[in-house]
Amino acid sequence: MSADDLSVELVNRRGIPLDLRFNVRAGELLALVGPSGSGKTTTLRAIAGLLRPTHGLILCQGAPWLDTRQGIALTPQQRRVGMVFQDYALFPHLTALDNLRLAMDDGDTNSRRQRAMELLRMVRLEGLEGRYPSQLSGGQQQRVAVARALARRPRVLLLDEPFSAVDMMTRQRLQRELALLRQSINIPIVLVTHDLQEARALADRICVLHQGNSLQTDAPDTLFREPRSARVARLLGQPNLFQGLIRHSPAGLRLSWNGRLLELHQPPELADGARVDWYIPESDIILHRRERPSQGERENPINGIVEECITLGVQTSVTLRCGESGERLRFNTSTHAARRNGLVPGITATVSLLSQGIHLMAPSTEISTAEE
Amino acid sequence: MDWTAFRLSLELAAWTTAILMPLGLLVGRWLAYRRFRGRGLVEAAIALPLVLPPTVLGYYLLVSFGGDMPIGQFWQQLTGRGLNFSFAGIVIASIIFNLPFAIQPVQRAFETVPPHLREAAWCSGLSGWRTFTHIELPLVWPGVISAFVLTFIHTIGEFGVVLMVGGSIEGETRTIAIAIYDRVQAFDDEAAGAMSLLLLVASFIAIALVYGLAGKGRGVGVR
């Protein structure tokens, strides 16, 4: 057992299949992301003890919660998890205060009441302790659910899509509050979400699930810049996923794509002619100013015809069709810059692909079906 | 006014509800939570007394309570008495006749308890029993009260089955409903009228109570 405070290995063959492993350190927030049916919630339920996987090893601070080889399977009651359900699952016949008090199993009546009030204060619900769940707004109910999850002094906090049932404004506020709350609780936190932006904003690390497999677990920046495979990039909703060939040219190692040789920041040790999948984040595609190329814009210049130009507030999403193969590059530019450069469908535009953004991946067979 | 019959009816209703309520909770909860093959058949069997003519049910009970049938024999060996035309016989008949009244309201109530609620209780450290007493029972309480009142008052007013199985033995099987029939047969309109009025008022109060509680149940906030 390393310093990891929660270590999870799961294999499930009944119902939703699982075959994954990950670790979460104390104070760390790991987000499980993936499409519906990828096993996010199933994984959370297995950690909580609400679901028994076919095989599994779950260690919390070194102590086994589940060890199917040894025949150990602690009940949810024995595990000490704090779980926030998607629908909050507050006890409707109890006040906010009593919802918390019922989850406490230490101290006398007085100290429990005191601690419940403290927790409610922490989630900014002071004054509302006497309300029943039906008398609270969605955001307030979510806060009660978080406070109740913490009332038991859990060793792990599990959050199942905790922001999905509230409106956008409330969601942003609750997300801020969770980020704040994290500073005062030093336990592993696992967040299930289908919202990649949410995962990116809140998580220390993101674990990408697909059909029950953990494809990659990394810090958000690493994940979005260096996805392990084309599939991960696609699950992250990323465009700009292509295939290319490695070329050993006199000037050095290059990526051959769409009739061009692209410079690479850190040339890999690959043979001439090796096939690769490659990806570039939208942020690393730079639009050239029309009729005024400057020094910095010499890096991997690519011409194309603007196919689509969608204004989304201050940002404009541009799709550029390049070369004869018609491969599409998508990138964002400020709406201001798009207007100044007269970007409209049909005109020719030039962009630079920053070499440090070009990320090479082992080729997969399925990229030809990519439709991003 | 046949007070002996009235007391007997109360005793019969008390025994029936006392035995049926735990059974109703158990079976109702089981049917609400479990999905299994043949569940529809079990539910149909429980609902059967609702549609079966009381005389038909009474006839089958009369036959199976006989000394030459397994149930009758078993009871004979256990107590040394026969089941037909006895108080124990009409209690068993009432239990069977009231199965739908004791189980269905409880089952419907358990069906409205969101499944996440029990899991949330377990994750909050509540044992299975504490989850039942602290979470489930308060939420299904209106259903339990409905089942109790319906079973109780339905037993008081039961006529066909009791007459078939129990006959009309004073102090043993002559309930108030049968006493009313007796009095009408004897042209004692005054006694029949008094007892009928008593049953009418009691039934109305009971049903008003059930509806009142059902209305309250809607306000509990179970969603």
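In chain A, five strands build an open sheet in the order E14-E13-E12-E15-E21, with antiparallel pairing. E14 and strand E21 (359–361) of chain A stand at the edges. Each has a single partner strand, so one side of each is left without a neighbour in the sheet. From one strand to the next, the twist averages 45°. This is a predicted model.

Look at the E21 end of this sheet. Strand E15 (residues 275–279) of chain A and E21(A) pair in the antiparallel sense over 3 bridges. Within E21(A), A:Met361 stands opposite A:Asp277.

**How the chain divides**

Chain A is divided into domain 1 (6–235), domain 2 (238–280 + 354–372) and domain 3 (282–353). The contact between domains 2 and 3 takes 13 residues from domain 2 of chain A and 15 residues from domain 3 of chain A. Which strand gives the largest share of the domain 2 side? That is strand E14 (residues 260–263) of chain A, with 3 residues. By type, the domain 2 side divides into 6 nonpolar, 5 polar and 2 charged residues.

**A second sheet**

Another open sheet in chain A has 5 strands, in the order E16-E20-E17-E18-E19. Its pairing is antiparallel. Strands of a sheet pair through backbone hydrogen bonds. Which strands stand at the edges here? They are strand E16 (285–287) and strand E19 (327–334) of chain A. Each has a single partner strand, so one side of each lacks a neighbour in the sheet. Neighbouring strands of this sheet are turned by 45° against each other on average, direction ignored.

| Strand pair | Bridges | Facing residues |
|---|---|---|
| E17(A) and E20(A) | 5 bridges | A:Ile302 and A:Val351 |
| E17(A) and E18(A) | 7 bridges | A:Thr311 and A:Thr316 |
| E18(A) and E19(A) | 8 bridges | A:Thr319 and A:Arg330 |

Two of these pairs are hairpins. E17(A) and E18(A) form one, with 2 residues between them. In its turn, A:Gly313 has a positive phi of about 70°. E18(A) and E19(A) form a hairpin with 4 residues between them. There the turn holds A:Gly323, with a positive phi of about 65°.

Now follow strand E18 (residues 315–322) of chain A along its length. What lies on its covered face? A:Thr316, A:Val318, A:Leu320 and A:Cys322 do. The uncovered face carries A:Gln315, A:Ser317, A:Thr319 and A:Arg321.

**Two arginines with positive phi**

Most residues other than glycine have a negative phi. A:Arg124 has a positive phi of about 60° although it is not a glycine. A:Arg124 lies in the loop between helix H4 (109–122) and helix H5 (138–151) of chain A. Is A:Arg124 buried or partly exposed? It is partly exposed, because 14 other C-beta atoms lie within 10 Å, and a residue counts as buried at 20 or more and as exposed at 12 or fewer.

A:Arg153 also has a positive phi, near 50°. Its place is in the loop between H5 and strand E8 (156–160) of chain A. A:Arg153 is partly exposed, with 14 other C-beta atoms within 10 Å.

Chain B has 11 helices and 0 strands. Along its principal axes, the C-alpha trace of chain B spans about 65 × 40 × 30 Å. Of the 223 residues of chain B, 38% count as buried. Consider the contacts in chain B with a separation of 6 or more: residues 24 or more positions apart account for 75% of them.

How many residues does each chain bring to the contact between them? Chain B gives 19 residues and chain A gives 20 residues. On the chain B side, helix H7 (115–123) and helix H8 (128–157) each supply at least two residues. H7(B) gives the most, with 6 residues. The chain B side divides into 11 nonpolar, 6 polar and 2 charged residues.

Terms used. Residues are numbered from 1 along each chain as its sequence is written. Chains are lettered from A and ligands numbered from 1 in the order in which they are written. This is a predicted model: local features need pLDDT of at least 70, side-chain atom pairs count only at pLDDT 80 or more; totals for chains, interfaces and linings use all residues. Domain bounds come from an automatic or database domain assignment. Two residues are in contact if their C-beta atoms, placed from the backbone, lie within 7 Å. Ala, Val, Leu, Ile, Met, Phe, Trp, Tyr, Cys and Pro count as nonpolar, Asp, Glu, Lys and Arg as charged, and the others, Gly among them, as polar. Two strands pair if DSSP finds at least two bridges between them. Axes are lines fitted to C-alpha atoms, for helices over the stretch in contact, and angles run from 0 to 180 degrees between N-to-C directions.
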